[in-house]
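Here are a few notes to read alongside the structure.

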Amino acid sequence: MVDAVMEVRGSVPPDPATAEVPVDPDDPGGPGASGGPGGPFAPPPPYAGAWRFTAPAVDSSVPQVRHGVRDLITDRKVPVGDDLMAGILLIVSELVTNAVRHAALLSPQITIEVAVGPDWIRVGVEDNHPYRPKALEAEYGDTGGRGLLLVKAITAEAGGMCDVTHTDSGGKVIWALLPLPFPNS
């Protein structure tokens, strides 16, 4: 059995002292808007940033990645409640499981990204397989086949969105973007 080892590579959180928050005056909920957190020159919250992990496309990576994402969110003090955390971790588990089961032949390594903004969190899993998966209805009694359907349902219930983006190398990133609650809510 091959042990999965998660390796942190690439992106690191921005330096809050030098990072700027982009302002879109047409976004009624964005930074600087009456409903959004901060003003037009507000620094990003201390939990904001982007992190990328690589892991081998093996079954044992699923719980290791899930625990790594949970620890990252907890250590950075991202304002997620128990329900949102459970949803994020289920999404991560399903996306990593799909990459391991369906893309490992063409993608022996997968990349997991967690990006956090002032009022959103995005999780994504990248592999080198070009196939764009579809959420399928599974038959009663099937033990699998509902992963992407579950991801879509959790994302929609949280008021977020999910999609598949093709990479320049011919692979794909399956991602889910979920809103964070305002700190005062």
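Predicted model: local features only at pLDDT ≥ 70, side-chain atom pairs only at ≥ 80, totals over all residues.

1. Let's start with a loop. Ala48 sits between strand E1 (7-9) and strand E2, in the loop that links them. Is Ala48 buried or exposed? Its relative accessible area is 8%, and the cut-off for buried is under 20%, so Ala48 counts as buried. Ala48 and Asp119 lie 71 residues apart in sequence, yet their C-alpha atoms are 9.2 Å apart in space.

2. The largest nonpolar core holds 37 residues, and Val69, Ile88, Val96 and Ile112 have the most contacts inside it. Elements that each supply at least two residues of this core include strand E2 (49-56), helix H1 (61-75), strand E3 (109-116) and helix H3 (147-157). The largest share, 10 residues, comes from H2.

3. Leaving aside residues up to four places away in sequence, Val96 touches Ser61, Val62, Val65, Ile110, Ile112 and Val125.

4. H1 deserves a look of its own. This helix has 15 residues and spans 20 Å from first to last C-alpha, close to the expected 21 Å. Its buried residues are Ser61, Val62, Val65, Gly68, Val69, Leu72 and Ile73. Viewed down the axis of H1, these fall within an arc of 135°, so they line one face of the helix. Their cover includes E2, H2, E3 and E4.

How values were computed
Residues numbered from 1 in each chain as written. Heavy atoms only, no water. Core = buried A, V, L, I, M, F, W, Y, C linked by side-chain atoms within 4.5 Å. Buried < 20%, exposed > 50% of the residue type's maximum accessible area, 1.4 Å probe, protein only. Helix = DSSP H or I, 4+ residues; strand = E, 2+ residues; numbered from the N terminus. Contact = heavy atoms within 4.5 Å. Expected span 1.5 Å × (residues − 1). Arc of directions from axis to C-beta.
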